[in-house]
Amino acid sequence: MEEKTIQIAGSITVDELANALGLSVTSLIGELFKNGIVATINQRLDYETASIIIDELGLKNVKLERKNTATKTSDIHRELSDKAVGRPPVVAVMGHVDHGKTTLLDTLLHKKTVEAEAGGITQHISAYQLKHGDRIITFLDTPGHEAFAAIRQHGAMLTDIVVIVVAADDGVKPQTVEAINFAKTANAKIIVAINKIDREGADIDRTKADLSNHGLQPEEWGGDITMVPVSAKLGTNLDQLLDMILLTADIEELKADVDIPAEGLVIESHMETGKGSVVNLLITGGELKTGEFIVAGSTYGKVRTMLDWRGKPKGKATPSTPVTITGFKELPNFGDRFIEVKDEKTARKMSLLNAQAIANESASANVTSSDLLRMMNVADNSKIFNVIIKGDVLGSVTSVVDSLKMIDTHGEITLNIVSTGVGDINENDVYMAAGGNTVIYGFNVSVPINISKMAARDNVPIRTYKVIYELLDDAKHEMENLLDAEIIEEDKGEMKVLGVFRTEKTSIIGGGEVLKGDVKPAYLARVVRDKEYIGEVEVTSVQKEKMDVKELVAGETGGLALKTKQRIDLKIGDRLKFFTRETKKRTL
Ligand code: GDP
């Protein structure tokens, strides 16, 4: 059979897909209709929907491929000119919970920032810079791996190097694997910090072996991954780790153009009273100065104030530098790309164009796979998980939302995000959740006493978390509770009915010969007469020679007391096919 590959850049129209499949448009529309979608010839289908439909059509020789949409405004990669200059590496620290990421970043921060004030930084910082020798390294701090995944979803890569922290006394754990996968898909270089080597149970070689089993071969074993044994707590070998980061950066020849309009990414944004929008940016090209106009998605602004990560005024920011600015008219989204434009008029026009493009995109790709799956499987209300998400800053809300959407429910549960917002959980959230079977999740926010009282009265669950994984675990657990349980039946044996002694509305006493297997109290049985299913009964007791026994086995004859849901007239010659049934909760 000839293989056929269809490339989909974002979405494909019904017309294009029909052409590519060699089908008539009407038959494709017909197939969509069967799946509950009333589509027109120009309707756009997303990748997932197209693949579901191709599966439904049984077209096994057709392969769908996602085509990169390199023209998206959010795409960050641009060709460098020969005037590009070196820039600091952008590093993310990832790893399993409790393996020491926070400790590593804290120790580095204290060790490497000259100013004593570093320890006094209490506000949440999303990125900072350290000096090692005369060079600078930018570290990103994020709510979790999901945040990176979210940035990736928004179409940009911003990490050059991922430092994966693995505790030497614990080895590779699920989030370690996640971090490895993330770094690989993001095309980032990996450096492993084997942490907690001061601990008694630390075993560096075993940890290396564990890592090699997960595709990371240490350099000293002939592989290509630098692994540095460290103690984040005691500060052991951290200089060596920073040396390795810089060495990796040198090999990568990280560069950026500076004589282009400034550009970069929004890495955090929130509102502050008196200041308006406070936005953290990471510069990826050009130089940003106060007074310049920038556009991000559908919003724009004039850089009113610009601070470095320590909160000190900064006049000019160069590539790989994180800064905090004020001046955006509205909050841009986490992961949005920003660019500098020449004046306010251009800024306004571009933000409007972006707003239109965003609106068109969401209007045109109006059949998404989740709509389709919803229509196919989960018309049932009990399969909808309603949530309200509140977070301290827009970045965390976006991360939570994107990560929730990434939980794979095999299409069985529909996630319905009732609303999202920045700030503490309030009356309005509880109103919205009340009566709607909705969970309110708060990430790094608090719940005022009067609000918890109100929620308790209205039976609205409010759950607050400071660790994104814990929030996701809870949501996953909630979704698992909505899944239909798995039913496991096991055949046990068969009896031929030789006598029926009493038949009542919900009980039968009879007897017979066990032909195969066995029969015990609490077994269930299907009554079968001439291959026809008559009904289901439950064995309440088993007797042999008028005495209660634990079982009858093949070859034995005896009596049974059976429980039925409705009257069943058991007859001589019927077969009882015994089985057990267990229901098992399913997991995602
Ligand atoms: P995270 O969840 O990955 O951010 O882990 P944390 O940095 O919060 O560390 C978890 C625990 O491990 C804390 O109690 C730390 O004090 C401890 N810890 C982190 N690094 C080291 C280390 O190098 N040696 C020892 N002995 N303990 C460490």
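Guide: Strand β26 (residues 507–519) and β31 run antiparallel and are joined by seven bridges. Serine 507 of that pairing stands opposite lysine 563 in β31. The model is a predicted one.

Visitor: What makes β26 and β31 a pair?

Guide: Two strands pair if there are at least two bridges between them. Seven bridges join β26 to β31, so by the cut-off of at least two bridges they count as paired.

Visitor: Which other strand pairs with β31, and over how many bridges?

Guide: Strand β28 (residues 532–544) pairs with β31 in the antiparallel sense, over six bridges. Within that pairing, glycine 559 in β31 is the bridge partner of glutamine 543.

Visitor: Why is β31 called mostly covered?

Guide: Strand β31 spans residues 557–564, and six of its eight residues are buried. Buried means under 20% relative accessible area.

Visitor: What is the order of the strands in the barrel?

Guide: The order is β13-β14-β19-β17-β16-β20; these six strands close into a barrel with antiparallel pairing. On average, neighbouring strands of this sheet are turned by 45 degrees against each other, direction ignored. One of the pairings joins strand β14 (residues 276–285) to strand β19 (residues 322–328) over five bridges. There, leucine 282 stands opposite proline 322 in β19.

Visitor: What makes a right-handed β-α-β unit here?

Guide: The unit consists of β21, helix α11 (residues 394–406) and β22. Strand β21 (residues 384–391) and strand β22 (residues 414–422) run parallel and are joined by eight bridges. Phenylalanine 385 stands opposite leucine 415 in β22. The term right-handed applies if, with the strands pointing away from the viewer, the path from the first strand over the helix to the second runs clockwise. The unit of β21, α11 and β22 is right-handed.

Visitor: How does the span of helix α14 agree with 1.5 Å a residue?

Guide: Helix α14 (residues 468–482) has 15 residues and should therefore span 21 Å. Its end C-alpha atoms are 21 Å apart, which agrees. The buried residues of α14 include Ile468, Tyr469, Leu471 and Leu472, and also Asp474, Glu478 and Glu480.

Visitor: Why is threonine 176 called buried?

Guide: Threonine 176 has a relative accessible area of 0%, and buried means under 20%, so threonine 176 is buried. Threonine 176 lies in helix α6 (residues 174–185). Leaving out residues up to four places away in sequence, threonine 176 touches His96, His99, Ile164, Val166 and Gly171.

Visitor: What share of the chain is buried?

Guide: Buried residues make up 46% of the 588 residues. The chain's secondary structure comes to 14 helices and 32 strands. Of the contacts between residues at least 6 apart in sequence, 71% join residues at least 24 apart.

Visitor: Where is confidence lowest and where is it highest?

Guide: The chain averages a pLDDT of 83, and 87% of the residues score at least 70. Confidence is lowest in helix α10 (residues 369–376), at a mean of 43, and highest in strand β11 (residues 226–229), at 97. Over residues 114–123 the pLDDT is below 50, and this stretch has nine contacts in the model beyond near neighbours in sequence. The pLDDT is also below 50 over residues 363–380, a stretch with 39 contacts in the model beyond near neighbours in sequence.

Definitions and conventions:
Residues are numbered from 1 along each chain as its sequence is written. This is a predicted model: local features need pLDDT of at least 70, side-chain atom pairs count only at pLDDT 80 or more; totals for chains, interfaces and linings use all residues. Side-chain values use heavy atoms; hydrogens and water are left out. Helices (H or I, at least four residues) and strands (E, at least two) are DSSP runs, numbered from the N terminus. Axes are lines fitted to C-alpha atoms, for helices over the stretch in contact, and angles run from 0 to 180 degrees between N-to-C directions. The expected span of a helix is 1.5 Å times one less than its number of residues. Buried means under 20% relative accessible area, exposed over 50%, partly exposed in between (1.4 Å probe, protein chains only). pLDDT is the predictor's confidence in each residue, from 0 to 100. Contact means heavy atoms within 4.5 Å.
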